[in-house]
Every structure is written in structure tokens, then in C-alpha cells.
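Have the structure open while you read.

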Amino acid sequence: MKKSVMNELTLPELRRSEGDLREEIFRLRFQHHTGQLSSTAKVRTAKRNLARVLTRIRSHELGDIADAAKEMRA
């Protein structure tokens, strides 16, 4: 997933992407262990995409916390 596309997603969409990627990683690992996976690079790519999504989710959470703290100070 490209960074420009990910930056446009809302928090619920990012959460949905997280679930989809976790399922994809599970399926890929299962295929790898049963010998059905043609390219092991797909597992690596899926893990990296999941990490990117989780990072973006965390930045949303921290942004919300920072916004709430600013409102309390004002």
C-alpha cells in the first residue's frame, strides 16, 4: 500500500485494512507451511504493509491524544 493512499484513509478504514492484512498473513503462512506458496516474498510484503498500517493507526491515536491535551490547556 502506498503512503499517499494510506494517508487518505480514516481510522476505521485503517482498522479494516489491519484485519485484512492479518488474515492475509495467516493465509500466506498456512500456504507456505503446506508447500503451496509460490513466492515467499509475499509474506514479507504483507508484514511490512501491516507494520505501515499499524504505524499510521498509532499516529492517529497520538494525534487525537495531543489534540485533546491542547483543548484541555486552552
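## Ground rules

A salt bridge here is a side-chain nitrogen of Lys or Arg within 4 Å of a carboxyl oxygen of Asp or Glu. Side chains of opposite charge can pair when their charged atoms come close.

The model is predicted, so local features need pLDDT of at least 70 and side-chain atom pairs count only at pLDDT 80 or more, while totals for chains, interfaces and linings use all residues. Residues are numbered from 1 along each chain as its sequence is written, and side-chain values use heavy atoms, with hydrogens and water left out.

## Overall build

The protein has 3 helices and 0 strands, with helices (H or I, at least four residues) and strands (E, at least two) taken as DSSP runs numbered from the N terminus. Along the sequence that reads α-α-α. With a radius of gyration of 16 Å, well over the 11 Å that the globule rule gives for 74 residues, the protein is more spread out than a compact globule. That radius is taken over C-alpha atoms, and the rule is 2.2 Å times the number of residues to the power 0.38. The C-alpha trace spans about 60 × 20 × 15 Å along its principal axes.

Contact means heavy atoms within 4.5 Å. Take the contacts between residues at least 6 apart in sequence: 67% of them join residues at least 24 apart.

## Surface and charge

Of the 74 residues, 20% are buried; that label means under 20% relative accessible area, with exposed over 50% and partly exposed in between (1.4 Å probe, protein chains only). The accessible surface is about 5800 Å², and 53% of it belongs to carbon and sulfur atoms. These areas come from the Shrake-Rupley method with a 1.4 Å probe, and for residues only the protein chains shown count as cover.

As for charge, the protein carries 16 positive and 10 negative charges, and their mean positions are 9 Å apart. Lys and Arg count as positive and Asp and Glu as negative, leaving out His and the chain ends. Each charge is placed at NZ of Lys, CZ of Arg, CG of Asp or CD of Glu.

How many salt bridges does the rule give? The count is 3. One of them pairs R15 with E61, whose closest N and O atoms are 2.8 Å apart. R15 sits in helix α2 and E61 in helix α3 (residues 41–73), so this pair ties together parts that are 46 residues apart in sequence. R15 is partly exposed at 40% relative accessible area, and E61 is partly exposed too, at 26%.

E61 also meets R58 in a salt bridge (3.3 Å, N to O). R58 and E61 are 3 residues apart in helix α3, or about one helical turn. R58 comes out as partly exposed, at 44% relative accessibility. Through shared partners, R15, R58 and E61 join into one network.

## The pair within α2

Is E18 buried or exposed? At 14% relative accessibility, E18 counts as buried. This glutamate is found in helix α2 (residues 11–34). Leaving aside neighbours within four places in sequence, E18 is in contact with L50, V53, L54 and I57.

E18 also forms a salt bridge with R22 (3.1 Å, N to O). Both lie in helix α2, 4 residues apart, about one turn of the helix. R22 is partly exposed at 44% relative accessibility, whereas E18 is buried.
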